[in-house]
Amino acid sequence: MNPSCNLFLIGPTGAGKTSIGRQLAAHYGLPFIDLDQEIERITGVSIATIFDIEGEAGFRRRERAMLEECSGRRGVLLASGAGAVLDPANRRTLRERGYVVWLQATVSAQLQRLTLDTSRPLLADVDRQQKLEAMAAVRTSLYEEIADLVVPAAADNEGVGAASERCLALLQRHWNRQAA
């Protein structure tokens, strides 16, 4: 949605939604919300624990409710979970309530960034490359469907600062920021 007072980041696991989101939020003076971290804060347990107890379906219900609540605020920068786009209601919510930025990432960059990360339930005890490729096959068209702006994947070794600057330059040209 353009113009909008809200900025929403979508993209695959390891695309930099949280890291880049924090820098963009600081630049624009917006409160930053990481949807997964907000779910953990409210429930008092990790995403992995939610998956263990309630399964993916239970987590997705919580994710939908938290997205509904957080996206209803005005003047926020929200980093969605990578799989939030799987739910048509979430895609509609994101599209209608904010300017949606798709941070792209190659599977090789994701693998590199997630090497030491053991906190992601969907990547536990699986062939990570195969799983990331399968997720991309399902989710890429969903990201494309709702994105107002696409930030192309960069070199695998690009740092957060450089990626944030590249994203910021695109936003300054394309986002018609509305006052909260």
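Because the model is predicted, local features need pLDDT of at least 70 and side-chain atom pairs count only at pLDDT 80 or more, while totals for chains, interfaces and linings use all residues; side-chain values use heavy atoms, with hydrogens and water left out.

**Stop 1: the rings**

Two rings of Phe, Tyr or Trp (its six-membered ring) pair if their centres lie within 6.5 Å; planes under 30 degrees apart are stacked, over 60 edge-to-face, and the rest tilted. That rule gives four aromatic pairs here. Select Tyr28 and Trp175: the ring centres are 5.1 Å apart and the planes sit at 80°, so this pair is edge-to-face. The two come from distant parts of the chain, 147 residues apart, with Tyr28 in helix 1 (residues 17-28) and Trp175 in the segment after helix 7 (160-174). Helices here are DSSP runs (H or I, at least four residues), strands are too (E, at least two), and both are numbered from the N terminus.

Are Tyr28 and Trp175 buried or exposed? Both are buried, meaning under 20% relative accessible area; exposed is over 50% and partly exposed is in between (1.4 Å probe, protein chains only).

Next, pick Phe51 and Phe59. Their centres are 5.1 Å apart too, but with 35° between the planes this pair is tilted. Both Phe51 and Phe59 are buried.

**Stop 2: the salt bridges**

Look for a side-chain nitrogen of Lys or Arg within 4 Å of a carboxyl oxygen of Asp or Glu; that is a salt bridge. The whole structure holds ten of them.

Start in helix 3 (residues 47-71), where Glu56 and Arg60 lie four residues apart, about one turn of the helix. Their side chains meet in a salt bridge at 3.1 Å, N to O. Glu56 is partly exposed at 33% relative accessibility, whereas Arg60 is buried at 15%.

Then select Glu54 and Arg62, whose closest N and O atoms are 2.7 Å apart in another salt bridge. Glu54 has 32% relative accessibility, so it counts as partly exposed, and Arg62 is partly exposed as well, at 35%.

For a bridge between distant parts of the chain, jump to Arg95 in helix 4 (residues 88-97) and Asp148 in the loop between helix 6 and strand 5 (149-151), 53 residues apart. The closest N and O atoms of Arg95 and Asp148 are 2.4 Å apart. Arg95 is partly exposed at 36%, and so is Asp148 at 26%.

Finish this stop with Glu38, Arg41, Glu69 and Arg73, which are linked in a network of salt bridges.

**Stop 3: the second largest pocket**

Which residues lie nearest the centre of the second largest pocket? Select Pro12, Ala105, Ala136, Thr140 and Tyr143, out of 14 lining residues. Colour helix 5 (107-113) and helix 6 (128-146), the elements that give two or more residues to the lining. Helix 6 gives the most, with six residues.

A pocket is an open set of points on a 1 Å grid over the protein atoms alone, where a 1.4 Å probe fits, with protein on both sides within 12 Å along at least five of seven lines; lining residues have an atom within 4 Å of a point. The volume, about 170 Å³, is the space filled by probe spheres set on the points, which are joined across faces, edges and corners.

Conventions:
Residues numbered from 1 in each chain as written.
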